[in-house]
Amino acid sequence: MNNNPFSTDWMSGWNTLQRKMWEDWSDVTQSSWTNAWQTENPMNFFRDGMSRWQNPFSPPTQKPEAMAMRHAMGSMEEFMRMGREVFKVFQGMSEGANLGQEWTAQLDKAIQQAKAMFTQGNESLYGAMGNFGNMGKMGNMEEMTAFWSRPMKAWSDFMGSNPAFSNDTMRALLAGGPATEEALSRFLSMPGLGLNREKQEKIQEGMRLSLEYRKAFEEFQKLMNESSKRALDLMHRKLLEMGAEGKSMETMRDLYVLWVDCNEEANASTVTSKEFNEINSRMMNAMMRVRRNMAEMMDNSLAAVNLPTRRELDSAHRQISTLRRRISAVEESLHELQGKDATSEINTLRDDMEKLGVRRLREELTALKQQVEEALTAPVDTGAESADKSAIKKTVRIGNARPQQAAAAPAQKGE
Amino acid sequence: MFPFAINPEKAVEELSRFNQKLAAGVKTFSEVGPIESGISPKEVVFRDDKVTLYHYIPRTDNPHRVPVLVVYALVNRPYMTDIQEDRSMIRGLLDEGMDVYLIDWGYPDASDRYLGLDDYINGYIRRCVDFIRDRHDIYRVNILGICQGGAFSLCFSALHPDRVRNLVTMVTPVDFHTPDNLLSQWVRNLDIDLLVDTMGNIPGDLLNVTFLSMNPYRLTGQKYLDMVDLLDDKVKLKNFLRMEKWIFDSPDQAGEAFRQFIKDFFQKNGLIKGNIKIGERRVDLANITMPVLNVYATKDHLVPPDASKALKQYVGSSDYQEVAFNGGHIGVYVSGRSQKEIPPAIANWLKERG
């Protein structure tokens, strides 16, 4: 085989192979099929594998092995998709036939084309919330953008999987397009009248908030698109550097790692910017305003048919918390009254006394007492000594006397 | 030179090989068995609402007489500290002769929406501490606070210094406004009142997507591609899945506690400014007069080192020490090196202080 990767000797088979690849990719999620594992098409393994892996893990659960497998599947999809995109770029580059030293110009052209994905209007925005990973729409704008814009996919997955954020209304808000916006603007300019005036105003407020959310989301999408474009520039630069150094990518995996590195680098510079903080917060805040408005309208509807509302549940939960605190306080008071804490405090005091070296003092005191006892029990030799011991004995007795007895002594003396 | 030496045949062969590995991996998946959460034997000794206090069975004959209470964060689950036999900070402490307790916060639901930091710190933590004091007939316990649990431990120690003998903080944010604190920057302009008033409890998934957004391409893509290389090794796969389970096992956050934590700690940086009130009392870090050991990770992307090291300036303790671990926020308690470095460092420090 010629060393030129786009020489005609393998390019003749390449077009056939690529066509088969596209066909298989399109089929993967569209058709039911059998016995694909044994077919001759080299790309059928993917379709067959999809089915084999998904079966043991469906329906989806939150078990880690199922989650990991699903993510692995997603990564596989991404890996394959990258392969497809890269091949497409190769093919585009090879259309100029002899690459020679012209590959840098071709690469530049390919990168510029890829960057154009992120500047061609808002097509990706309007599909972003519901169509990530839609393998049936191969090669369209939204899918390509999703491939390059993983933070948006993470957001989309979150929105789709969490019931608190996911519903048709939220999706519709983003999928409506300019026509919806224009219609909404007209509706919002209508003044409220009659009995339903307040209800109408609430709906109008909701729509106004929805438009704000759409704008905020669009801003966010644009920012992430800029990040993706920076990632492409980085990739471009790194590939040129590799070419200049005489290095080359040997595997698809190498290319994938380079793609990840470039995107992470671009993402890091985006998410640490002040602009991101502001835009991301604006989007979140706008979304929360929409949700709050929707919850309020829902509450009004529930109240109208005498069903429990969020407001009532919140009130009940607040009371539960207050009661819990009161019960804890009562239990602790009871515990204290039962004197259980005294043991702990005594032990603590013992603990502190030990730290202060009281044990040593106690031992010295015991030794002193022993000396005194020995002195008292020793044989009497002289009258003077006898008088001294008698005095000591008396002192010891007074020291042992109960307080009231000791206090009574002077009074008796006084009498 | 053209930088691609990949032709379609090679690419298809590579992808085919990859696919075969993944297909073969289904068998390993089926054999890997249940993914346990926490491996060291433990007993439930106290329950308080959804909070459970665990006591780990000591692994030495005469454990240290002052037990250690581990206070973990509300986000994610505390079994990260005991995730697998050869990656367990808890086991390391037990092997060093420590007597270890751990607070498991459980999974808050809608009925916990009004739990505030006062309930967590002056309520649950205090009652767990008091239980241990009673059980061991001691007045003060050792506390080991991790991440957000470290911030809670700081508050508790400042409010109840008479109950804490020694305080260990691990990867704990203290100064929330260091320039490299990405999480803090992200929440600076969020309307937290609106968020909590609208959502009630904050979904764990929202926190997950926030953490993933820090490295979205690696954490949601490349990681799983790399996983395929582990599929022929059951042990390695199981370890991967344990970590995976932990990462996505994110309890919802009680709304009021979340509101107060984000506003007072993240947005107002109140811990170092001294304007946080828990219940009726202001938290003053100068009240922390007991010995303090502050463990931080030099490559921590969630709690940057400077955010932790700020503690030194604010505590009232004259016995303050730091341990710098050369690794990241999670590596500090699960990496192979941390097993050799961190538990012994903590245990020896505690033993020296009685």
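In this predicted model, Tyr120(B) and Tyr124(B) both belong to helix H3 (residues 117-136) of chain B, and because they are four residues apart there, about one helical turn separates them. Are these two tyrosines buried or exposed? Tyr120(B) is buried, and Tyr124(B) is buried too.

How do the rings meet? Over all chains, the count of aromatic pairs comes to 18. Here are two of these pairs, with the geometry of their rings.

| Ring pair | Distance between centres | Angle between planes | Arrangement |
|---|---|---|---|
| Tyr213(A) and Phe217(A) | 6.3 Å | 65 degrees | edge-to-face |
| Tyr120(B) and Tyr124(B) | 5.7 Å | 70 degrees | edge-to-face |

Planes over 60 degrees apart count as edge-to-face. With planes at 65 degrees, the rings of Tyr213(A) and Phe217(A) therefore form an edge-to-face pair. The planes of Tyr120(B) and Tyr124(B) are at 70 degrees, so that pair is edge-to-face as well.

Tyr120(B) and Tyr124(B) belong to a cluster linked by ring pairs, together with Trp105(B), Phe152(B), Phe176(B), Phe261(B), Phe265(B) and Phe266(B).

The ring of Tyr114(B) has the charged end of Arg113(B) sitting over it, 4.4 Å from the ring centre. Over the ring of Tyr79(B) sits the charged end of Lys245(B), at 5.8 Å from the centre of that ring.

Notes: Residues numbered from 1 in each chain as written. Chains lettered and ligands numbered in written order. Predicted model: local features only at pLDDT ≥ 70, side-chain atom pairs only at ≥ 80, totals over all residues. Heavy atoms only, no water. Phe/Tyr/Trp six-rings, centres within 6.5 Å; stacked < 30°, edge-to-face > 60°. Helix = DSSP H or I, 4+ residues; strand = E, 2+ residues; numbered from the N terminus. Buried < 20%, exposed > 50% of the residue type's maximum accessible area, 1.4 Å probe, protein only. Lys NZ or Arg CZ within 6 Å of the ring centre and 35° of its normal.
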